[in-house]
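I opened this model to look up its ring contacts and one of its pockets. My entries are below.

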Amino acid sequence: MLDWTDRHCRFLHRLLSPHARLYTEMVTTGALLHGDLPRHLDFSAEEHPVALQLGGSEPADLAACVKLAQRWGYDEVNLNCGCPSERVQRGAFGACLMAEPGLVRDCVAAMVEAAAASPRPLPVTVKHRIGIDRVESYDFVRDFVGTVAEGGCQVFIVHARNAWLQGLSPKDNREIPPLRHAFVERLKQDFPQGVFVLNGGLADVAAVQQHLRVLDGVMIGRHAYQQPAKLAAWDAALFGGAGGLDVDAAEAGYVAYMARQQAAHGTPWALMARHMLGLRHGQPGARLWRQVWSDHRLKAQAVAEVAALASQARRRSPALSA
């Protein structure tokens, strides 16, 4: 979810789901060790529980980043072994690490040791695919998990597709390699003490509930981003209670957040508003509402004024006035 699940996106998702664990976009160890720490690590207290997702392949660097995550107050550190993009491969991390399970084990061991040395230990988790390229053998992912578990990892978030490292774009890698949810369920059977979270192709709460009879959790990525309003209903169905805010209240809460960020940090509202363009997916007037929030000619106006214009545009929809 590079360039998607930034701190602003996560604040919106928290308004809609009080209980879901939120994950940052993948941040490289180099960006943290040599870059602007507040830019990469700052988040709002409302986001808890929130996990820092790391990209890297040097055990010492990853251990140092675990200590940074502890200092900033994250609730989990996740090592990404599932991203197939060429940019990530050039850094020798992401999905290509699945070809080196021993190295991943060593990375995890260094991260676990760093986490345990703190008064505030953090869980270290791994996100990965079920295989790489066209080798579609359950034995491959079973052996990968078994080796990585030796490093102290107990939680595996499994995108149930192969990652094709050559010949497919990241978008195609989310759609063309076939889904094999059964592989993840077999992992749970073979490693009953482990915690297994299923990712990939989940868009229906009934299907999620079926998988949760066998597995320990599910991760929802782009579907939650593209139709975030569903998070409130899913939260209520999976955790009980009323769930998060309805769409109108979530929009109002996010507009207030954008105004605070703009006043405190000068953050352009358009940079933040892009995350809620799917909020009214399927509602009457949603297209007109999105057009206002996407209109960069309005970028000099106060975010409250833009919100009022978007609301007026939505009310002009023939479907609402009929």
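The entries cover aromatic pairs, charges over rings, and then a pocket.

**Basis.** I am working from a predicted model, in which local features need pLDDT of at least 70, side-chain atom pairs count only at pLDDT 80 or more, and totals for chains, interfaces and linings use all residues. Residues are numbered from 1 along each chain as its sequence is written, and side-chain values use heavy atoms, with hydrogens and water left out.

**Aromatic pairs.** I searched the whole structure and found eight aromatic pairs. I took rings of Phe, Tyr and Trp (its six-membered ring) as paired if their centres lie within 6.5 Å; planes under 30 degrees apart are stacked, over 60 edge-to-face, and the rest tilted. One of the pairs joins Phe191 and Phe196, tilted at 40 degrees between the planes and 6.4 Å centre to centre. For burial I used relative accessible area (1.4 Å probe, protein chains only): buried is under 20%, exposed over 50%, partly exposed in between. Phe191 has 23% relative accessibility, so I noted it as partly exposed. Phe196 has 0% and is therefore buried.

I then looked up Tyr254 and Tyr257, a stacked pair with 5.7 Å between centres and 15 degrees between planes. Both belong to helix H13 (residues 247-265), and because they are three residues apart there, about one helical turn separates them. Helices (H or I, at least four residues) and strands (E, at least two) are DSSP runs, numbered from the N terminus. Tyr254 is buried at 0%, and Tyr257 is buried at 1%. Ring pairs also bring in Phe11, which forms a cluster with Tyr254 and Tyr257.

**Charges over rings.** I counted a charge as over a ring if NZ of Lys or CZ of Arg is within 6 Å of the ring centre and within 35 degrees of the ring normal. The charged end of Arg186 sits over the ring of Tyr138, 3.8 Å from its centre. For Arg222 the ring is that of Trp4, at 4.8 Å from the centre.

**Second largest pocket.** A pocket is an open set of points on a 1 Å grid over the protein atoms alone, where a 1.4 Å probe fits, with protein on both sides within 12 Å along at least five of seven lines; lining residues have an atom within 4 Å of a point. I noted 25 lining residues, with Asp3, Asp6, Glu25, Arg39 and His40 nearest the centre. Helix H3 gives the largest share of the lining, four residues. Elements that each supply at least two lining residues include helix H1 (7-16), strand S2 (27-28) and H13.
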